Amino acid sequence: MAAAIRFAQRHEGWTATNPSVACLIVKDGVIVGRGVTAIGGRPHAEPLALAEAGEAARGATAYLTLEPCAHHGRTPPCAQTLISAGVAQVVTAVVDPDPRVDEKGHAMLRSAGVPVERGIGNEAARAGLAAYLVHKRLGRPFVTLKLAVSANGFIGIEGQGQVAITGPVAKAQSHLMRARHHAILVGSRTALADNPELTCRLPGLEHRSPVRIVLDPHSRLNGAMKLAMSASQTPLLVAGPVNPALTGTGTEFIACDLQDGHIALPELLDDLGARGIMSILVEGGAAVAASFLSENLVDAIALFRSPKAIPAPGAVASPVSLDGPPNGYRLTGIWQFGEDRMEYFARNA
Ligand code: AOF
Ligand code: ZN
């Protein structure tokens with residue numbers, strides 16, 4: 001199952017509103033077939049793995065990171081495909097909360113006489129399926145807050161635009177995070193101060209740039225910004241009123257409710273979820289991060305810590321505490337990226 005969970009990461013973020021699921025077919029201790037939900041969401045993992053296994057699937061064990069589907073789409077239910085292929089046993093990690101499935105896949109297998117073992121590797125598999133599970137349960141995207149913090153606890157310097165905090169390895173990793181998310185979000189202040197592109201610029205993954213979202217309740221953006229100038233190649237969604245300064249750029253606007261001059265975030269997230277956006281990377285700045293945190297809308301925090309200090313005058317403090325896990329979160333992973341360290345915090349259940 002651990003191998004299946006790792007394999008499922010291959011298409012994480014690239015299967016539309018479908019989860020990226022992996023299926024391994026194992027016979028006599030050897031993997032004879034493997035499948036991962038195809039880019040775009042179909043075919044599902046199981047028919048791909050079974051096709052690779054061929055006749056060897058008969059009498060084999062299937063390991064699935066998610067319960068197989070039980071509904072008829074364009075293809076028969078995966079539970080039925082497993083039965084027809086003659087697998088002897090099915091092991092699954094997570095129950096599929098989709099109301100069309102929700103234990104019906106397991107029930108189909110059992111009633112055909114195929115033994116099922118559930119919940120194996122549950123916690124690790126849930127981490128990989130987190131965006132899908134939050135989107136299914138709450139109808140809103142999974143929100144990851146990304147922060148890059150200097151050794152002296154700052155995330156930038158007021159009025160200085162982009163300040164380099166982390167090094168090239170961490171930067172490449174953060175671009176990979178962008179590619180794995182459906183959308184990336186910043187406030188208009190960050191957009192104006194930094195003039196960022198917010199695309200994924202890793203060689204070969206440029207086409208995986210997420211939708212860029214800017215919170216702009218007071219129509220401060222203009223057509224000369226890199227975000228606007230690239231909107232015809234990489235979608236730009238502005239949360240706020242229609243802004244004539246962006247006419248002709250291809251920018252799309254989402255009407256939003258305002259609360260004390262700020263965008264109402266829960267409603268915005270509901271709207272984004274309804275559009276099929278399952279995951280959002282919040283990248284700045286401090287005020288936007290603080291709003292998401294105070295509204296309890298942050299599901300995970302990716303904290304990049306640099307060993308370098310930045311000049312303190314005018315510096316902006318990190319919106320989360322740096323001694324120990326932020327309140328309400330637990331440390332679930334640490335990575336070293338060049339000289340920088342990334343700590344990943346998941347929200348407590
Ligand atoms: C599986 N294997 O690899 C995946 C599953 O629109 P459809 O027909 O593709 O169905 C989408 C649902 O299929 C999705 O909500 C989830 O319940 C399930 N995803 N199931 O058996 C897979 N990706
Ligand atoms: Zn299926």
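These notebook entries record what I looked up in the structure.

**Basis.** I worked from a predicted model, in which local features need pLDDT of at least 70 and side-chain atom pairs count only at pLDDT 80 or more, while totals for chains, interfaces and linings use all residues. Residues are numbered from 1 along each chain as its sequence is written, and side-chain values use heavy atoms, with hydrogens and water left out.

**Salt bridges.** I took a salt bridge as a side-chain nitrogen of Lys or Arg within 4 Å of a carboxyl oxygen of Asp or Glu. The count came to 13. I found arginine 100 bridged to aspartate 98 at 2.9 Å, N to O.

I next looked up lysine 308, which forms a salt bridge with glutamate 339, the closest N and O atoms being 3.6 Å apart. Lysine 308 is partly exposed at 44%, and glutamate 339 is partly exposed at 45%.

**Strand S15.** I noted S15 as residues 300-305, with five of its six residues buried; strands are DSSP runs (E) of at least two residues, numbered from the N terminus. Two strands pair if DSSP finds at least two bridges between them. S15 pairs with S6 (residues 142-149) in the parallel sense over six bridges, and lysine 146 stands opposite alanine 302. With S18 (residues 340-347), S15 pairs in the antiparallel sense over six bridges; there, alanine 346 is the bridge partner of alanine 300.

Conventions:
Chains lettered and ligands numbered in written order. Buried < 20%, exposed > 50% of the residue type's maximum accessible area, 1.4 Å probe, protein only. Helix = DSSP H or I, 4+ residues; strand = E, 2+ residues; numbered from the N terminus.
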